[in-house]
Amino acid sequence: GEFCRYQMKPGFYDYNVVHANQFIITIQNSEGTVVYQQVLSPLSGAPGGKLSAWKWGFPGDQAKYTALYPRAWTEYNIPEQNLRVTCRQISPVIPHNYKDSCVPGGVFVWSVENLGSEVKSISITCTLKNGVGSKQDAQGSCHSEPMDVNRDGVQVAGVQIHQLVDNMDCTYCLSALVKEDVAVSRIVAFDPNSDGSGVWNSLAKNGQLTSQTNDKVVGREVACAVCAYVEVPPGNMKTLEFALVWDMPRIHFHLNTKEHYRYYTKYFGKDGEAGPVISHFSLTNFSRWEKEISAWQRPILEDLKLPEWYKSAIFNEVYYVADGGTVWLLMDDVESLSSTDPRREFGRFAYLEGHEYRMYNTYDVHFYASFTLSQLWPQLQACLQFDFRDTVLREETEQRVHLFDGKIANRKDINAIPHDLGDPSEEPFVLINAYNIHDVSEWRDLNLKFVLQCYRDYVLSRNVQYLRDMWTQVLAVMSKAETWDTDGDGVIENAGAADQTYDAWIMTGTSAYCGSLWLASLCCVTKMAAILDCPEVADKYSTLLTKAKASFHKKLWNGQYYNFDSAQRPHSTSVMADQLCGLWYLHACSITDEVFPQANVKSALETIYRLNVKGFRDGKMGAVNGMLPEGTIDDFAIQSEEVWTGVTYGLASLMIFEGMVEEGFHT
């Protein structure tokens with residue numbers, strides 16, 4: 001029950017519990033006397049005596065939270081008042097719906113059930129302050145003003161708070177839906193550092209807010225309150241709806257050499273006055289959002305064959321699409337783009353590797369996560385792919401010293417897929433390859449992952465033009481990858497360095513991980529060439545695939561699984577959970593050609609399940625990345641000892657593809 005995480009400055013998070021951002025319930029009996037008033041939060045109060053007039057500490061055992069992203073709901077039981085209150089939180093993150101999904105905000109729908117025998121008057125009050133709970137909240141002036149929108153038979157009332165965030169104009173809009181039986185009142189401004197008695201006493205007096213003025217209020221820190229009030233007869237239920245949106249149309253990153261407009265401005269305007277319009281849109285359309293979300297989720301939720309934990313995970317893990325330091329921007333040079341470039345219509349989409357790993361669209365791990373975009377928002381995946389495509393033929397000659405080994409090299413070489421599209425503390429999309437630990441232009445997996453995603457996305461869309469748009473760059477990255485076959489046996493070699501996504505786990509010679517990706521890429525390029533009527537290319541890579549398969553199996557197959565690498569070092573026999581990563585993608589591409597012998601696949605997966613899954617933490621923690629054949633964890637590198645979420649999901653998916661359904665879900 002708290003507002004505690006904010007990304008107002010693009011790509012940067014603030015983790016602060018902001019006590020002034022709350023919901024308060026006020027209950028009046030049939031005689032109009034306030035008999036109950038409570039902050040709907042289990043927090044014991046705000047520090048430093050702030051908001052001390054408020055009653056904190058809602059009993060946690062009387063509340064239940066359920067999440068099914070992009071929906072969540074909290075049930076509050078107030079037995080002494082014969083009342084049950086439920087708050088549904090709805091974020092418009094809706095598959096294949098790009099207009100609604102770009103809305104910067106969400107809706108809170110409060111359902112109030114009167115379980116008693118007398119009429120009750122109920123008000124829900126939402127309070128909100130400017131900023132993110134940091135010292136910067138008080139820097140520069142901010143001001144608040146009332147907000148009213150009445151159009152198409154829908155009336156919305158609330159408050160706007162205007163503030164500069166790192167010299168970017170930002171407006172927070174808090175509003176409620178006015179209905180025939182719902183009265184909305186507000187306090188345009190109060191001091192969030194005060195004891196809060198003005199808001200509290202106003203509600204305690206008559207269940208509604210009494211504002212001193214509706215004029216613009218200016219201050220260093222400003223909070224506001226919006227109250228929705230309704231009478232609920234015994235045995236009845238009423239609903240109260242709130243919207244919280246923010247309008248920051250024009251942004252810049254830390255270096256501030258370029259400005260960008262957010263994608264939602266395509267629909268709601270760039271003038272910084274869209275907040276009221278978006279609030280009205282949200283409170284008009286949230287019912288449709290819920291229907292579309294339910295239609296998407298229902299088939300999975302009602303599938304009795306799927307375990308309950310999976311139903312939770314498959315939806316709740318999607319949160320990172322919106323909460324991954326995400327930016328969704330308009331392209332500023334649309335006219336220079338080809339007519340088939342999806343960025344003309346859908347803009348530019350980017351998310352961070354992690355809140356603490358601030359690199360946009362980190363490609364080696366996006367490879368695992370990309371299914372969310374390719375299946376639910378395929379146009380955003382296409383836009384991301386076009387961004388990476390455009391980098392392939394770029395050479396960035398800035399010389400950098402790499403942290404791992406002191407190697408001095410270009411920021412990016414030609415014909416190489418970059419590791420990422422930049423850091424928000426620099427200038428993303430301009431300064432790519434923010435990662436500077438290793439020379440990623442020589443990483444063995446990045447080019448191959450581009451090829452595999454290109455074909456996977458084609459299989460899902462059947463858009464031949466997309467393959468044509470990618471073809472030049474596909475051939476370029478494959479040409480560079482061929483140079484990594486140093487012994488001419490058809491399989492690429494690793495260079496005795498951490499030259500792939502496991503950037504602390506050294507691979508030498510032919511490796512199961514990069515080798516399997518290489519075989520899969522050869523297969524996919526052959527398929528692409530056939531579709532695009534390039535028979536010479538198809539013949540070339542088909543011949544190379546035949547040669548590579550023989551070498552891969554000869555060098556790595558030990559009769560039970562594929563060795564980690566061919567270096568014949570102590571850790572070379574490690575059982576890698578991700579050794580058949582390439583096969584996983586071939587399945588995802590609906591390719592049934594036998595690139596990896598079926599008997600070998602079955603044996604390898606059974607070995608991984610026995611050692612990396614069941615043999616690690618009682619089989620309850622996923623698949624450990626590396627396990628030695630005698631059943632001890634491979635401690636050669638920190639990453640060999642870890643469990644990676646994307647790898648475990650990919651492995652489980654591969655097991656299910658291969659008919660090991662029970663083992664896959666257990667993994």
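**Surface and core**

Student: Is Ile437 buried or partly exposed?
Tutor: Ile437 has 32% relative accessibility, so it counts as partly exposed (buried is under 20% relative accessible area, exposed over 50%, partly exposed in between, with a 1.4 Å probe and protein chains only). Bear in mind that this is a predicted model: local features need pLDDT of at least 70, side-chain atom pairs need 80 or more, and totals for chains, interfaces and linings use all residues. Residues are numbered from 1 along each chain as its sequence is written, and side-chain values use heavy atoms, without hydrogens and water.

Student: Where is Ile437 found?
Tutor: In the loop between strand E22 (408–412) and helix H11 (446–461). Helices (H or I, at least four residues) and strands (E, at least two) are DSSP runs, numbered from the N terminus.

Student: New topic: how many residues are in the largest nonpolar core?
Tutor: 191, and those with the most contacts inside it include Trp110, Trp518 and Phe596. Such a core joins buried Ala, Val, Leu, Ile, Met, Phe, Trp, Tyr and Cys through side-chain atoms within 4.5 Å. Helix H13 (residues 512–531) gives the most to this core, 13 residues.

Student: Why does this core lie between domain 1 and domain 2?
Tutor: Because domain 1 (5–253) and domain 2 (442–666) both give residues to it; the bounds come from an automatic or database domain assignment.

Student: And Thr265, buried or exposed?
Tutor: Thr265 is at 4% relative accessibility, so it's buried. Thr265 sits in helix H3 (residues 265–268). Beyond neighbours within four places in sequence, Thr265 contacts Pro249, Lys270 and Leu330, where contact means heavy atoms within 4.5 Å.
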